[in-house]
Structures are given as C-alpha cells and as structure tokens.
Amino acid sequence: MRKLIAAMKISVDGKMEGPEGSADWVEAWSDDYGLMPQIDACVLGGGMYPGYEQYWTSILKEPDKPVWITGSAPTSAEIEWARFAAQTPHYVLSSTLTSALWPMTRFVRGLEEITVLKQKPGKDIYLVGGARTTSSLIDAGLVDELRLIVYPLIAGQGKALFATMEHRRGLEVRKVQQLQGGRVSLIYIIG
Ligand SMILES: NC(=O)c1ccc[n+]([C@@H]2O[C@H](COP(=O)([O-])OP(=O)(O)OC[C@H]3O[C@@H](n4cnc5c(N)ncnc54)[C@H](OP(=O)(O)O)[C@@H]3O)[C@@H](O)[C@H]2O)c1
C-alpha cells in the first residue's frame with residue numbers, strides 16, 4: 001500500500017504558525033523534506049487550501065515577484081515545487097469547498113476516500129497539512145510517516161500542530177539530521 005507521509009515545518013514548541021496566521025520564521029516553503037522523487041499525489045485540508053492555491057499560483061505565474069507569506073521572491077527550490085505540484089494530483093479534504101483554481105485538484109468529503117486513495121497503485125502520498133487535517137488523519141491511523149523540520153525558535157503564541165489530536169501515538173525515529181540555519185530534520189515512522 002502507498003504510504004501517506006505528513007511533513008511540516010514547526011517551532012521547538014510545536015507551533016506550525018504564529019498568532020498572525022503564518023509561520024514567519026520559515027524563509028521558503030520548498031520541499032525541504034526530499035519528498036518529490038517518492039510521491040505522486042498530495043492531500044491537504046480545506047483550511048489551508050485557499051492560501052496554498054494563492055501562494056503557488058503566484059509563484060507559477062510570476063516567479064520573479066515577491067510572494068505574500070515570505071515577502072521575498074521565490075527561491076529556485078520553491079519554483080521547482082510549484083512546477084512539480086502543478087502536475088501532481090491534489091486531494092483537498094473539505095465538506096464546504098467546491099471550486100479550485102490549482103491544476104489537478106479534487107475535493108474529497110471523508111476519510112474513507114483517503115483509505116481508498118492509499119489502496120490505489122502509485123507512489124507515496126504527501127500530506128501537506130494543515131494542523132487539524134494532519135491530527136485527524138493520524139488519529140484515524142492513516143498516516144505512516146511524519147517528517148518534521150524544527151526551527152530554532154520558541155514561537156510562544158500561535159497554533160500548535162497537534163492541538164486537536166485525540167489519541168496518544170508512539171513514534172519510531174528513523175532519521176535525525178541537522179540542516180542549515182540551526183534547523184533539525186526528524187523522520188518518524190508512526191506505529
Ligand atoms: N508549518 C507548516 O509546515 C504548515 C504546513 C501546512 C499548513 N500550515 C498552516 O496550517 C494552517 C491551516 O491549518 P488548519 O488546522 O487551520 O486547517 P486544515 O487542517 O488545513 O483544514 C481543516 C479543514 O479540513 C477539512 N477536514 C479536516 N479533517 C477532516 C475530516 N476528517 N473529514 C472531513 N474534512 C476534514 C475541514 O474542512 P471543511 O470545514 O471545509 O469541511 C476542516 O475545517 C494554514 O494557516 C497553513 O499556513 C503550516
């Protein structure tokens with residue numbers, strides 16, 4: 001069965017965004033998890049989808065212009081992700097959203113559709129976020145691997161990645177690696 005891999009950039013105190021609604025400590029939203037070669041589909045929540053669509057559409061259409069979350073021109077790694085993502089099916093979990101501008105986007109209305117997606121032939125699937133979706137899919141036992149990039153910062157106020165998790169989960173460490181800028185990459189297998 002295809003693996004569902006959740007990957008997030010968080011602060012040391014487990015925040016995935018600050019009180020203003022974005023993780024302003026993240027300098028680029030590129031695939032720093034090394035996922036591109038092994039995935040051929042993305043899953044994301046309806047909460048983050050509008051911002052995701054806006055961010056990557058802007059990079060795809062105007063790669064020289066500063067983008068709204070980081071306030072800088074996209075990095076070459078972000079442009080690489082935008083091009084890859086535009087050709088990769090995106091499954092957005094939402095009971096309310098009905099229209100999408102991002103290419104190859106489909107809406108899924110319940111977790112059973114994610115189970116079916118995992119059973120289809122293909123490469124692994126990237127669970128892009130956000131917090132509530134990641135927590136509910138881990139609670140449902142659908143996430144096989146968790147990749148975190150931990151930034152050297154205590155964010156204080158903000159939204160915690162696992163604030164809505166209901167069940168305790170044991171994790172098995174697969175890889176720990178120090179990255180540039182004091183960041184730490186952690187890869188866990190979810191048992
Ligand atoms: N730091 C990072 O690496 C990172 C990565 C990704 C995203 N983010 C941030 O995450 C934030 C969004 O996170 P969020 O927790 O607010 O929202 P979210 O997880 O993106 O979306 C939550 C929504 O997804 C749908 N959903 C989730 N679980 C479902 C289920 N089991 N069944 C049916 N629908 C389900 C519901 O949509 P409906 O209400 O439409 O039904 C729910 O309201 C954004 O601000 C984004 O910037 C950060």
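Q: Hi! I'm starting with arginine 183. Is it buried or exposed?
A: Welcome! Arginine 183 counts as buried, with a relative accessibility of 11%. The cut-off for buried is under 20%, so 11% qualifies. Keep in mind that this is a predicted model.

Q: Which residue does arginine 183 form a salt bridge with?
A: Its partner is aspartate 32, and the closest N and O atoms of the pair are 3.4 Å apart.

Q: How many salt bridges does the structure hold?
A: There are 11 salt bridges in the structure. One of them joins aspartate 40 and arginine 2, whose closest N and O atoms are 2.6 Å apart.

Q: How accessible is arginine 2? And what about aspartate 40?
A: Arginine 2 counts as buried, with 9% relative accessibility. Aspartate 40 is partly exposed, with a relative accessible area of 28%.

Q: Which residue does lysine 65 meet in a salt bridge?
A: Lysine 65 meets glutamate 62, with an N to O distance of 3.7 Å. Lysine 65 is partly exposed at 44% relative accessible area, and glutamate 62 counts as partly exposed at 39%.

Q: Which residues are linked in a network of salt bridges?
A: Lys3, Glu145, Arg147 and Arg174 form such a network.

Q: Changing topic: which of the residues around the ligand come nearest?
A: Of the 22 residues around the ligand, the nearest are Glu17, Ser94, Ser95, Thr96 and Lys159.

Q: What about backbone atoms: how far is methionine 48 from an oxygen atom of the ligand?
A: A polar backbone atom of methionine 48 is 2.9 Å from a ligand oxygen. For glycine 46, a polar backbone atom is 3.2 Å from an oxygen atom of the ligand. Alanine 131 has a backbone N or O atom 3.3 Å from a ligand oxygen.

Q: How much of the ligand's accessible area does the protein cover?
A: On its own the ligand has 940 Å² of accessible area, and the protein covers 80% of that.

Q: Now helices. Which residues of helix 2 are buried?
A: In helix 2 (residues 76-86), the buried residues are Glu78, Ile79, Trp81, Ala82, Ala85 and Ala86. They are on the same side of helix 2, because they cover an arc of only 160° around the axis. Ser76 and Arg83, on the other side of the helix, are exposed.

Q: What covers the buried residues of helix 2?
A: The cover includes strand 3, helix 1 (49-61), strand 4 (90-93) and strand 6 (124-129).

Q: And helix 3, which residues are buried there?
A: In helix 3 (residues 111-119) they are Ile114, Leu117 and Lys118. Their arc around the axis is only 100°, so they sit on the same side of helix 3. The face turned away from that buried side carries the exposed residues Glu112 and Gln119. Among the elements covering the buried residues of helix 3 are strand 1, strand 5 (105-108) and helix 4.

Q: You mentioned helix 4. Where does isoleucine 138 lie, and what does it touch?
A: Isoleucine 138 lies in helix 4 (residues 131-139) and is buried, with a relative accessible area of 4%. Leaving aside residues up to four places away in sequence, isoleucine 138 touches Val143, Phe162, Met165, Arg169 and Ile190. Isoleucine 138 and isoleucine 190 are 52 residues apart along the chain, with 8.4 Å between their C-alpha atoms.

Q: Last one: where is leucine 161, and is it buried or exposed?
A: Leucine 161 is in the loop between strand 8 (159-160) and strand 9. At 1% relative accessibility, it counts as buried. Not counting residues up to four places away in sequence, leucine 161 touches Met8, Ile10, Gly14, Met16, Ala131, Thr134, Ser135 and Leu148.

Notes
Residues are numbered from 1 along each chain as its sequence is written. This is a predicted model: local features need pLDDT of at least 70, side-chain atom pairs count only at pLDDT 80 or more; totals for chains, interfaces and linings use all residues. Side-chain values use heavy atoms; hydrogens and water are left out. A salt bridge is a side-chain nitrogen of Lys or Arg within 4 Å of a carboxyl oxygen of Asp or Glu. Buried means under 20% relative accessible area, exposed over 50%, partly exposed in between (1.4 Å probe, protein chains only). Helices (H or I, at least four residues) and strands (E, at least two) are DSSP runs, numbered from the N terminus. Contact means heavy atoms within 4.5 Å. A residue is near a molecule or strand if one of its heavy atoms lies within 4 Å of it. A polar contact is a pair of N or O atoms within 3.5 Å; within protein, one must be able to donate a hydrogen and the other to accept it, and residues adjacent in sequence count only if both atoms are side-chain atoms. Accessible areas come from the Shrake-Rupley method with a 1.4 Å probe; for residues, only the protein chains shown count as cover. The arc is that of the directions from the helix axis to the C-beta atoms.
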